[in-house]
Amino acid sequence: MVIPTYNGGERLKWSLGQLLPLAKKVEDKVSVLVNDNCSTDNTEEIVREFALQYKGLLDYHKQPENIGADRNYFDGAARSTTKYVCIMGDDDIITPSYFDAIFGILQEYPELAYINYNMMDITYAGKFLDIRDKHTKSHYYKDGMDFVKDHLEAPSLLTSNVFLREPFLEAYHSASNLDYPGYNWFYCMLKSILHSPCYYIGYPIAMDGKPEGGPGWKKYTALYYFYGLGHLFKDLSIEAPAIYEEWVKRHFWIGHPDLEYLIHVVADNKEYYKGEKFKKIYPYIESDYYKKRFKWALEYSSRMYLWKCNPRHFLKIYIRRLLHLVAK
């Protein structure tokens, strides 16, 4: 397991504290590497304390300089020595059934190139938020293209994948131009499994940790989603026909909660999304309705944008705030 991190010391206390006791039980099959992207916090101190306690199980590498998140992911996979690799978020944890589930599937299907599994979203305080993938039935796929069509971006959550290390690195080294913001690793992973057998575990065996108030990279999510994923699926459709069309069909309908959220992210960060980022994103918004909304988000303040696109909702919020002020 590879855990890329940057200034994740406090998060690693939580995730390694859950992971390592479980990994210790299967240490003949598992190794853990923390690949530190030149952190400036107490990451090194925390990881080395764990490494003393779990000698031979936990390794630590610190980059001499920050090489960017994507390159740190690939570098971590290259430093790993296991046949399969899981790139794990530094704020995610696994359940006690994790290793039994993974090794049980690999024993039953030794030819697998890839395992994807459902995950739960939880806060750092342990509050349950949601299940990541609404597909809850486990399934064997003879061809990876069928898996991708069924699940699309669900496996884009870093921790939810176990895959063959060498084909992943081959896809990375053979890629001429990786331009999928937030998802270069995801493109290489999908590229490496498109024509290989896969297995999906429908019940959640890991948990995605969520900070209160959302992630620090919240403002980038619209770029990651529209351009990162849109561009990725369009390029993959050359080898896997209809994947991009399926992504468009499932997501570009009026009122989709993810799209509503992302357009509001644009409205809150309009200066970031003007210019070149607008030019990148706009062609991948496959809906005239949301193209218009995207332009509004760049033109108006967040409050005026909400009034323009949903006046009833705006009035409800305004009245609620007035009543709150009167009550004070």
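1. Strand β6 gives the most to the lining of the largest cavity, contributing three residues. The model under discussion is a predicted one, and the cavity in question has a computed volume of about 40 Å³. By the rule applied here, the count comes to one cavity of 30 Å³ or more.

2. The residues that line this largest cavity are Asn116, Tyr117, Asn118, Arg132, Asp133, Ala154, Pro155, Ser160 and Tyr200. In terms of residue class, the lining of the largest cavity divides into four nonpolar, three polar and two charged residues.

3. One of the lining residues of the largest cavity, Arg132, also takes part in a polar contact, in which its side chain meets the side chain of Asp208 at 2.8 Å. Asp208 itself lies in strand β10, which spans residues 198–210.

4. Is Asp208 buried or exposed? Asp208 has a relative accessible area of 7%, and because the cut-off for a buried residue is under 20%, Asp208 counts as buried. Setting aside residues up to four places away in sequence, Asp208 touches Asp92, Met119, Met120, Asp121, Ile122, Arg132 and Leu157.

5. Helix α4 covers residues 98–108, and within this helix Tyr98, Phe99, Ala101, Ile102, Ile105 and Leu106 are buried. Seen down the axis of α4, these buried residues fall within an arc of 165 degrees, so they line one face of the helix. On the other side of α4, by contrast, Asp100, Gln107 and Glu108 are exposed.

6. Which elements cover the buried residues of α4? The covering elements include helix α1 (9–24) together with the strands β4 (84–85), β5 (92–94), β6 (114–123), β9 (161–164) and β10.

7. Asp75 is found in helix α3, which runs over residues 69–79, and its side chain makes a polar contact of 2.7 Å with the side chain of Arg79. Leaving aside neighbours within four places in sequence, Asp75 is in contact with Asn35, His61, Gln63 and Ile67.

8. Asp59 lies in strand β3, which comprises residues 58–62, and at 47% relative accessibility Asp59 counts as partly exposed. Not counting residues up to four places away in sequence, Asp59 touches Val32, Leu33 and Val34. Although Asp59 and Val2 are 57 residues apart along the chain, the separation between their C-alpha atoms is 9.6 Å.

Methods. Residues numbered from 1 in each chain as written. Predicted model: local features only at pLDDT ≥ 70, side-chain atom pairs only at ≥ 80, totals over all residues. Heavy atoms only, no water. Helix = DSSP H or I, 4+ residues; strand = E, 2+ residues; numbered from the N terminus. Buried < 20%, exposed > 50% of the residue type's maximum accessible area, 1.4 Å probe, protein only. Polar contact = N/O pair within 3.5 Å; in protein donor to acceptor, adjacent residues only side chain to side chain. Contact = heavy atoms within 4.5 Å. Arc of directions from axis to C-beta. 1 Å grid on protein atoms, 1.4 Å probe; cavity = no way out; pocket = protein on both sides within 12 Å on 5 of 7 lines; lining within 4 Å. Points joined across faces, edges and corners; volume = space filled by probe spheres on them. Nonpolar A, V, L, I, M, F, W, Y, C, P; charged D, E, K, R; others polar.
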